[in-house]
Amino acid sequence: GLFMKNAFTLAEVLITLGIIGVAAAMTMPSLIAEHKEKSTIARLKKVYSVLDNAYMLARNENMDVSSWFPDDNIKNNSKIFFENLKPYLNILKDCGVESGCLTEGYVKTLDGRNYNNYNQNSQEYRFILSDGTQVMIYLATSEFTGSEAIGNIKVDIDGYKGSYTFGKDVFIFNITPKGIYPNGLENTTSSDTFKEECNKSNSTSPSNGSACTAWVIFNENMDYLHCNDLDWSTKIKCK
């Protein structure tokens, strides 16, 4: 007997493909952004481990860290600090204080303002790790007393590829006598608090985005890019 063959017409196939395409176009950007954020978190945690471990090994070699520095010359001290960490780092390029090694142009604040052109800075010692991470050391004083920060390390985790923005691909660690710590720690006594210095809507803070580092490492998200009501103790995710 006769029977009917079920089949889709070309029009039906094209309509279905169109619907799939629209759905993909709507979801792909968020999936790409989520993947990029997860990659940033992983890279930042890695560089934190690498730098803190190098500092620990350097301190084990010579416990009296303050003896590394003859005076309070920022340029010299930044270089001396680097030289002590250097044996424990895998370095692609040692740039010193010369321009042309780091990304040219201004690092942006989280809300999009120009902050500083570090490539033209003659004080900070800069180098590039083997994975492409750009690093800058700024050691402000040789007074290694207590647990206060005496300098910082800035990292650009994706080198020339990224947005060159605090809290997105540029992050800050503080150098203390006891170790290297991510900026913006919970209950910090400094002015670099998460609420003030990691807020995409804050257009008054000169270095907005500089205090996102601890949040990324310990909460393992970058949700401050998506909502403004996050808090260390009450809400660590947008959803």
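Me: What share of the 239 residues of the protein chain counts as buried?

Reply: The share is 44%. Buried means under 20% relative accessible area, exposed means over 50%, and partly exposed is what lies in between (1.4 Å probe, protein chains only). Please keep in mind that this is a predicted model, where local features need pLDDT of at least 70 and side-chain atom pairs count only at pLDDT 80 or more, while totals for chains, interfaces and linings use all residues. Residues are numbered from 1 along each chain as its sequence is written, and side-chain values use heavy atoms, leaving out hydrogens and water.

Me: What is the secondary structure of the protein chain?

Reply: The protein chain has four helices and eight strands. These are DSSP runs numbered from the N terminus: helices (H or I) need at least four residues and strands (E) at least two. Along the sequence, the order is α-α-β-β-β-β-β-β-β-β-α-α.

Me: Why is the protein chain called more spread out than a compact globule?

Reply: Its radius of gyration is 23 Å, well over the 18 Å that the globule rule gives for 239 residues, so the chain is more spread out than a compact globule. The radius is taken over C-alpha atoms, and the rule is 2.2 Å times the number of residues to the power 0.38. Along its principal axes, the C-alpha trace spans about 100 × 40 × 35 Å.

Me: Why do Lys46 and Asp131 count as a salt bridge?

Reply: A salt bridge needs a side-chain nitrogen of Lys or Arg within 4 Å of a carboxyl oxygen of Asp or Glu. For Lys46 and Asp131 the distance is 3.7 Å, N to O, so the pair meets that rule. This pair links distant parts of the chain: Lys46 is in helix H1 (residues 10–61), and Asp131 is in the loop between strand S4 (125–129) and strand S5 (134–139), 85 residues apart. By this rule there are seven salt bridges.

Me: How do you know whether Lys195 and Asp231, another salt-bridge pair, are buried or partly exposed?

Reply: Their salt bridge has a distance of 3.7 Å, N to O. Lys195 sits in helix H3 (residues 194–197) and Asp231 in the segment after helix H4 (213–219), 36 residues apart. Lys195 has 47% relative accessibility, so it counts as partly exposed. Asp231 has 18%, so it is buried.

Me: What makes the pair of Tyr55 and Phe81 tilted?

Reply: Rings of Phe, Tyr and Trp (its six-membered ring) pair if their centres lie within 6.5 Å; planes under 30 degrees apart count as stacked, over 60 as edge-to-face and the rest as tilted. The whole structure has 11 aromatic pairs. Tyr55 and Phe81 lie 5.2 Å centre to centre with 55° between the planes, so they pair and count as tilted. Tyr55 belongs to helix H1 and Phe81 to helix H2 (residues 74–85), 26 residues apart.

Me: Which parts does the pair of Trp68 and Phe81 tie together?

Reply: Trp68 and Phe81 are also tilted, at 6.1 Å and 50°. Trp68 lies in the loop between H1 and H2 and Phe81 in helix H2, so the pair ties together parts 13 residues apart in sequence. Trp68 is buried at 8% relative accessibility, and Phe81 is buried at 0%. Ring pairs join Tyr55, Trp68, Phe69 and Phe81 into a cluster.
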